[in-house]
Amino acid sequence: MNQDILTADPLALDAARRGGDAEYDAERDLLANSSPPNPIHTRVTGRAHPIRDSLAYALLLWELDAAGDTEVDGEPRAARAARVLDAVLALQDADEDSDTYGLWAYYAEEPLSQMSPPDWNWADFLGEFLCLLLFRHGERLEPALRERAGTAVRRAAASIIRRDVDLDYTNIAVKGAFVTLAAGQLLDDEDLEEYGRTRLRRLHALLTRSRSFAEFNSPSYWAVVMQAFTGIRQYIHDDDAVAQAGDIERIAWEHFLARWHPATGQLTGPMARCYSTDLRRKPSALLIVQRVAGDTWPIFDADTRPADVHSVHDAVLDLRIPDDLRPLLDRPAAEPTVREVFTDTHYIPGQVAGVSAAAAEGHETVILPTVGTSWHEGAATLGSVNFGDTWLQRRPLLGYWAEPGDDPADPDTVARFVSVEVLRDGHGFAGGSFRAEQDGSDVLWSIALATPSGDAHIHLDAIQPGEAVATSSLLVRFSVRGLDDAEVRADGTPLDGERRGVRRVDVRTRTATVEWILADALFDGAERTARVTPVDGGIDIDVAWLEAGTPQELVVSALSETFATGMLRLRNGELAPADVTAERGDGSLRLRRVLPDREALALTAPTRPGSRLDHARIVAASLSA
């Protein structure tokens, strides 16, 4: 191992050891665990052998051996590491004529040809682990194995270059820059290095100009980006690349801190990509916070840090925060409201989601800035995006609050939040068209339906206009969680069970007030109200567009007016009385807040199913009027 490289972080290494050793399958020399359902890329469910996890385990075994933990189950860790690496390398697509050349599948049980579709990101994710392994332990590998690992890195880099991902795909654009730079350095290949340098220069120019991210405020992908920039700073021997990575690393920290809420230990909304509304349940971002600020954020210890072989990734990185930004982890930014243009989103005919400028070239285009607003005051925080979709990985409207006694640095502290989603037959539905305007702690919101649109995924399972989809339920759900003994009123009376026909919900906790108002809602022209249901830890507020005992053939493009609109408010303490009015027009509505002594707040939103382009036109026209 290169002795100039830092010693792996012991806490992260221990979490990785507990995760990796427990899942090792000696018969396959791979890890084996229970794979979660994934309706997009893979059909594998149940116990399987994940290839990326196994490669992380190979890196971990050499790290533990170097740290003095040299044996496991009576055998040398280094010997097991070599076998695991050998098994992983054998599973890469080595056929240069194959579309998936340089990729790995998710699982050893499922060839790339059987995935639906393959995940091209796996060249970036596994390529990164291979590069880190070679940087740190390449000298310890047998020559033949080291050569095979180098060849695998070259193949992964070739896949990355052939794909040449759009820079708006931030986490993969950054990760691919690291892999190609690292591959060029490890293999002494100037062409690979030059590609990596060029991509990083383009990223640097884009992000230093915008100072924001198309994949905005994503806890998981912020962590991915920080890991990749740290890898460049730490392992790449190119002064310009290191300086550029450092510049963007600072921008990423500023972006994170603008929405970091120390009172709750959460990131307020909105979020472009999110895998868990409670950061403590998917703690990649919090693990970085603890790594750089463990004196005031000692979130996890050896007993509470989740066992996860992927913790080896953070363990081998020299994660840092600029000294002048460090205080913002302990106190919120001075400005109570942050409004940020994340990106200029292009909407073009036939697309199920907005695209980048590069993808929109040559098309009729509506350019609509994607703008996020995030507000905080004491123990409460609330954020929203002006226009977007409702993919299950989005958080277009999201707020949190803390109660007395809550410890934001305690991993067992209950997350108290309010969020919105659209559900079709119980799964997150990407086909919602979300619109919001926010003033401090007040958000006017509206949701219609887009066609074409994705279903469970934003674009990989698109539902086209005219296409019928068997559907039993389609609804807008506001989830309010962490209520404890809160007082909940529906239309002014205490909630004592499920209540239907509701238009107003008031929640009063020891600290906060949540107020939800439904101004108007239709499904195919028929009026809808809300249903409020007590659930474990909180309530669900559902505007059910469609509820059928048996599946119906739903054709979204054939529906007439279908939308829901209203206002959400979240504050510390009491709220001044407020109301909203909604006026329908020809395919759009105008929603206004009625609140004395406050500036006017209004939004215009679509009411009929239409394309993202159609809906963007309505929003853009209202903003320019």
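Helices here are DSSP runs of H or I with at least four residues, strands are DSSP runs of E with at least two, and both are numbered from the N terminus. The expected span of a helix is 1.5 Å times one less than its number of residues. This is a predicted model, in which local features need pLDDT of at least 70, side-chain atom pairs count only at pLDDT 80 or more, and totals for chains, interfaces and linings use all residues. Residues are numbered from 1 along each chain as its sequence is written, and side-chain values use heavy atoms, with hydrogens and water left out.

Start with the whole chain. The protein chain holds 13 helices and 30 strands. Its C-alpha trace spans about 75 × 55 × 45 Å along the principal axes. The radius of gyration is taken over C-alpha atoms, and the globule rule is 2.2 Å times the number of residues to the power 0.38. For 625 residues, a compact globule would come near 25 Å; the protein chain has 25 Å, so the two agree.

Next, the inside and the surface. Buried means under 20% relative accessible area, exposed means over 50%, and partly exposed lies in between (1.4 Å probe, protein chains only). Of the 625 residues of the protein chain, 61% are buried. A contact means heavy atoms within 4.5 Å. Among contacts with a separation of 6 or more, 70% join residues 24 or more positions apart.

Now look at helix H7, residues 190–210. At 1.5 Å a residue, its 21 residues should span 30 Å; the end C-alpha atoms are 30 Å apart, so the helix agrees with the rule. Its buried residues include Leu192, Tyr195, Leu200, Leu203 and Leu207.

Turn to H5. Its 21 residues should also span 30 Å at 1.5 Å a residue, and its end C-alpha atoms are 30 Å apart, which agrees. Buried residues of H5 include Ala149, Gly150, Ala152, Val153 and Ile160. Helix H2 (51–66), H3, H4, H6 and H7 are among what covers the buried residues of H5.

What follows H5? Asp164 does, with a positive phi near 50°. Asp164 sits in the loop between H5 and H6. Its relative accessible area is 38%, so Asp164 is partly exposed. Asp484 also has a positive phi, about 50°, although it is not a glycine. Asp484 lies in the loop between S18 and strand S19 (487–490).

Strand S18 (residues 469–481) holds Ser473. Is Ser473 buried or exposed? Ser473 is buried, because its relative accessible area is 19%. Leaving out residues up to four places away in sequence, Ser473 touches Leu423, Arg424, Asp425, Gly426 and Leu546. Ala223 is 250 residues from Ser473 along the chain, and their C-alpha atoms are separated by 35 Å.

Finally, two cis peptide bonds. One joins Ser116 and Pro117, with omega about -10°. Pro117 lies in the loop between helix H3 (77–89) and helix H4 (122–137). Another joins Gly269 and Pro270, with omega about 0°. Pro270 is in the loop between strand S8 (266–267) and helix H10 (284–292).
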